[in-house]
Amino acid sequence: METIVDVNHLNKSYKMRRGKEHIQAVNDVSFKVQKGEILGLLGPNGAGKTTTIKMICGLLIPDSGSISIKGMDLSKNKLQGLQHISAVLEGNRNLYWRLTVRENLEYFAGNRGKSRKEVYGRIEELLEQFNLKGKEHELVNRLSRGMQQKLAIAVALLADSEVILLDEPTLGIDIETGYEVRQILRDIVEKSNRTIILSSHDMDVIQDLCDRTVIINHGQIVVDDKVENLMRLFAVRSYTITLGQPLTDQQEILLQQEFSHYQYSADRIEPILEIDLAKSENIYKLFDIFKKENTPVETIDRSTINFEQVFMKIVKGENGHELASSS
Ligand SMILES: Nc1ncnc2c1ncn2[C@@H]1O[C@H](COP(=O)(O)OP(=O)(O)O)[C@@H](O)[C@H]1O
Ligand SMILES: [Mg+2]
């Protein structure tokens, strides 16, 4: 494995407009990204994602800490380091609004020192891949936000840099284009072995696209782990059980004594118990309680839990201890 982006103890604070107060937007953030990886920076609004991305692409200078791209320290070899990076920031700033779709692609390719002839084939390919062929002569300011976003990503790809940074790539675009963008990003990673760092406050996007996620809250990393591990951590021990008859008072008392996280509702035909087990072996304790009255168990399901629930639990600090020991 080759580390391609290495972020070390980054700090950045902004001065408030009034007074001498500072906001610590990024607080001691460190992570590494391997070649070919798709890393998600996840966190609520104001968490520090954009600030982190802007430092990695050289638009903001960190107060302290360092960033290396392919082993080159940005504070010493900024131009060489940034050669390997292209970024799509919020608001599609890397486009010329008064140029057409095709002109934008040609213009930015030219900026990177490529001739029109050299990139002709590649531009055709991108127009096809991004479903923009029919709009190639349209001015950018007349495109929908979703199409502008697709074009911004296409422009970034044309640079052929190894690392692509995407800040909130599906924010503010319609659902359908959002799915299209996700599909395109998945294709890019599968087929071209590029490395992507993307930020999102939308766990669904991260769950769908990323191998690994760094979760940021209030400028600090709360978790750095494989998405799959995080899901497993919380999913394994949540059960939904339907019973053939209500629990007796005696059973309910035992349940209270043994378990802290559960919800029991007996006010329907089949009583339902939703329970989180601290250890999976605890399921036997639970069944002992049922057995005392021969309570029939009709169904037992491991609850499906989505990343949003995982995220909320982490941000609220639940299960912090177990998370720390899992990585
Ligand atoms: N130019 C700025 N001046 C002052 N404060 C800022 C500026 N940019 C961001 N912030 C503050 O820094 C924090 C992190 O912001 P940001 O990196 O944009 O978070 P995110 O992208 O996760 O929403 C927030 O509290 C935000 O209000
Ligand atoms: Mg942001």
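Strand β12 (residues 262-265) pairs with β13 in the antiparallel sense over four bridges, where two strands count as paired if DSSP finds at least two bridges between them, and where helices (H or I, at least four residues) and strands (E, at least two) are DSSP runs numbered from the N terminus. Within this pairing tyrosine 264 stands opposite leucine 273 in β13, and the two strands form a hairpin with six residues between them. Strand β13 (residues 272-276) also pairs with strand β11 (residues 238-243), again in the antiparallel sense, over five bridges; threonine 242 has isoleucine 272 in β13 as its bridge partner.

## Basis of the model

The model is predicted, and local features need pLDDT of at least 70, while side-chain atom pairs count only at pLDDT 80 or more and totals for chains, interfaces and linings use all residues. Residues are numbered from 1 along each chain as its sequence is written, chains are lettered from A and ligands numbered from 1 in the order in which they are written, and side-chain values use heavy atoms, with hydrogens and water left out.

## The six-stranded sheet

Six strands form an open sheet with mixed pairing, in the order β6-β7-β8-β3-β9-β10. Its edge strands, each pairing on one side only, are β6 (85-88) and β10 (220-226), and the twist averages 15° from one strand to the next. Strands β3 (residues 38-42) and β9 (residues 212-217) run parallel and are joined by four bridges, with leucine 39 opposite arginine 212 in β9.

Helix α1 packs on this sheet, touching β3, β6, β7 (163-167), β8 (195-200) and β9, and its direction makes about 150° with that of β7; such angles run from 0 to 180 degrees between N-to-C directions, the axes being lines fitted to C-alpha atoms, for helices over the stretch in contact. Helix α6 (residues 175-192) lies across β3, β7 and β8, running at about 155° to β8.

## The four-stranded sheet

An open sheet of four strands has the order β2-β1-β4-β5 and antiparallel pairing, with β2 and β5 (72-73) as the edge strands, each of which pairs on one side only. Strand β4 (residues 64-69) is joined to β5 by two bridges, and the bridge partner of serine 68 in β5 is aspartate 73. Helix α1 packs on this sheet as well, touching β1 (3-15), β2 and β4, with its direction at about 120° to that of β1.

Taken alone, ligand 1 exposes 560 Å², of which the protein buries 62%, the areas coming from the Shrake-Rupley method with a 1.4 Å probe.

## The loop at lysine 114

Lysine 114 is placed in the loop between α3 (101-111) and α4 (116-129). Leaving aside neighbours within four places in sequence, lysine 114 is in contact (heavy atoms within 4.5 Å) with Ala109, Val119, Leu158, Ala159 and Asp160.
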